[in-house]
Amino acid sequence: MQLDIVSAETEIFSGTVNAVFAPAIVGDVGIYPQHTPLVTRLKPGELKIEVEGEEDRYIYVSGGMLEVQPDVVTVLSDTAIRAEDLDENMALEAKQHAEELLKDKQTEVDSARALAELAEAAAQLRMIEKFRKGKV
Amino acid sequence: MSGAKQIRTQISSIKNTQKITKAMEMVAASKMRKAQDRMNATRPYAIKIKQVINHLAAAHSEYKHPYMHARSEVKRAGFIIISTDRGLCGGLNVNVFKSALRQIKEYQDQGVEIDLSIIGSKGMAFFRRLSGLNVVSHASGLGDNIHMNEIIGPVKVMLDAYSEGSIDRLHLVENEFVNTMTQAPGVSTLLPLPKDEEEVRQHHWDYIYEPDAKEVLDSLLVRYVESIVYRGVVENVACEMAARMIAMKSASDNAGSLIDDLQLAYNKARQASITQELSEIVGGAAAV
């Protein structure tokens, strides 16, 4: 089946695969050809791609959407770390930036951003660890 | 010879300027190509996300998302205005501001209030001086390689305002990259989402949704708007580089013709002083 992984910034993967495993919001899912149509949100984590005659590939996604049609699977990957309160903070930042320039005021440091970055870093670390175990 | 010497220093200073403008022209040309590549790389995502949204909207026509519902009365309108961070790019920013102001004036004549979200420091410098406009968010210093997370903030401010009902319409003002010579400023409507002209095919099947259709559609629509703005910002970088390339090219050409003129003036001055010296010598010899 055809797999396309795209993000708003660039195309990440496109090709024919045997199966793909993704971290869906309600639990990890494995998609084989002829899967029933499905749309689900993804949480940050790794995608495992099985390609015929090749080693499994892992791609890190920081969330996004997974769309499954019988022969086509599309991953709309987020490029940024997304979380409701984090988005809120970015919005706040943009607001403050404007206010600052209009009034010259100070901004506050936000902890939610640090937390979300930490979560992402942890997920990335887990993946690196997995790679190492597989290789050594 | 004092006049000739002055001209000579002038020529060398213009030559230095010309070197700088030529270098900037070449830098802009290579950056433009990269920006164009990035612009094209955003296309697959936008196409895919649009497909899923269209399908969802067709399959769940009973659920009208606020983003798709046009409000009859417009009390306040939001604008996302994309400008550059740096100057020396010809009339690029001014053209965008002009088309924004034209639209804003149309609204103001109808008594509609305006909220602005500005990307790029040139836009901020321009719009902060104008009264009657409410700048609610701003992002600048994005550089040439822009990432999505820098766009999320300013867009969310506007999306939230729309969801709350404090703005009833959202526009995007940006440059369209027509080709290297032409950048066309334009105002487009982000919210409510313009109805797709394309006939949506009747589907006999539907997806399984996780967690549910409503939530999926919500997050897709937010990402869709963000991807449009992101593309606008990336496109604006391509426009900026193209405009700078052209501006620097004409600056280099101007410097060239200035140098030619000065060279001519220098030669004339030198010749005049030689002729004068000669006639003085001849005059002196005749006197003896």
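B:Leu278 is located in helix H6 of chain B, where helices (H or I, at least four residues) and strands (E, at least two) are DSSP runs numbered from the N terminus. Together with B:Ile274 and B:Ile281, B:Leu278 makes a nonpolar surface patch of about 290 Å²; patches are made of residues with over 30% relative accessible area and no salt bridge, like charges being joined within 9 Å and nonpolar side chains (Val, Leu, Ile, Met, Phe, Trp, Tyr) within 5 Å. Accessible areas come from the Shrake-Rupley method with a 1.4 Å probe, and for residues only the protein chains shown count as cover.

The model is predicted, and local features need pLDDT of at least 70, side-chain atom pairs count only at pLDDT 80 or more, and totals for chains, interfaces and linings use all residues. Residues are numbered from 1 along each chain as its sequence is written, chains are lettered from A and ligands numbered from 1 in the order in which they are written, and side-chain values use heavy atoms, with hydrogens and water left out.

Chain A contains 2 helices and 7 strands, which follow one another from the N terminus as β-β-β-β-β-β-β-α-α. Of its 136 residues, 43% count as buried, that is, under 20% relative accessible area, as against over 50% for exposed and in between for partly exposed (1.4 Å probe, protein chains only).

The buried residues of H3(B) include B:Leu92, B:Val96, B:Phe97, B:Ala100, B:Ile104 and B:Tyr107. Seen down the axis of H3(B), the buried residues fall within an arc of 165 degrees, so they line one face of the helix; the arc is that of the directions from the helix axis to the C-beta atoms. The face turned away from this buried side carries the exposed residues B:Arg102 and B:Asp109. Among the elements of chain B against which the buried residues of H3(B) pack are strand S1 (76-82), strand S2 (113-119) and helix H6 (213-287). Just after H3(B), B:Gly111 adopts a positive phi of about 80 degrees.

Helix H2 (residues 43-59) of chain B, with 17 residues, reaches 24 Å from its first C-alpha to its last, close to the 24 Å expected. Its buried residues, among them B:Tyr45, B:Ile49, B:Val52 and B:Leu56, are covered by elements including strand S5 (38-50) and strand S6 (57-69) of chain A as well as H6 of chain B.

Over all chains, the structure holds 11 salt bridges, each a side-chain nitrogen of Lys or Arg within 4 Å of a carboxyl oxygen of Asp or Glu. One of these joins A:Asp78 and B:Arg223 (2.7 Å, N to O), crossing between chains from the loop between S7 and helix H1 (84-103) of chain A to helix H6 of chain B; both A:Asp78 and B:Arg223 are buried. Within chain B, the side chains of B:Arg76 and B:Glu113 meet at 3.2 Å, N to O. B:Arg76 lies in strand S1 and B:Glu113 in strand S2 of chain B, so the pair ties together parts that are 37 residues apart in sequence.

Methods:
Contact = heavy atoms within 4.5 Å. Expected span 1.5 Å × (residues − 1).
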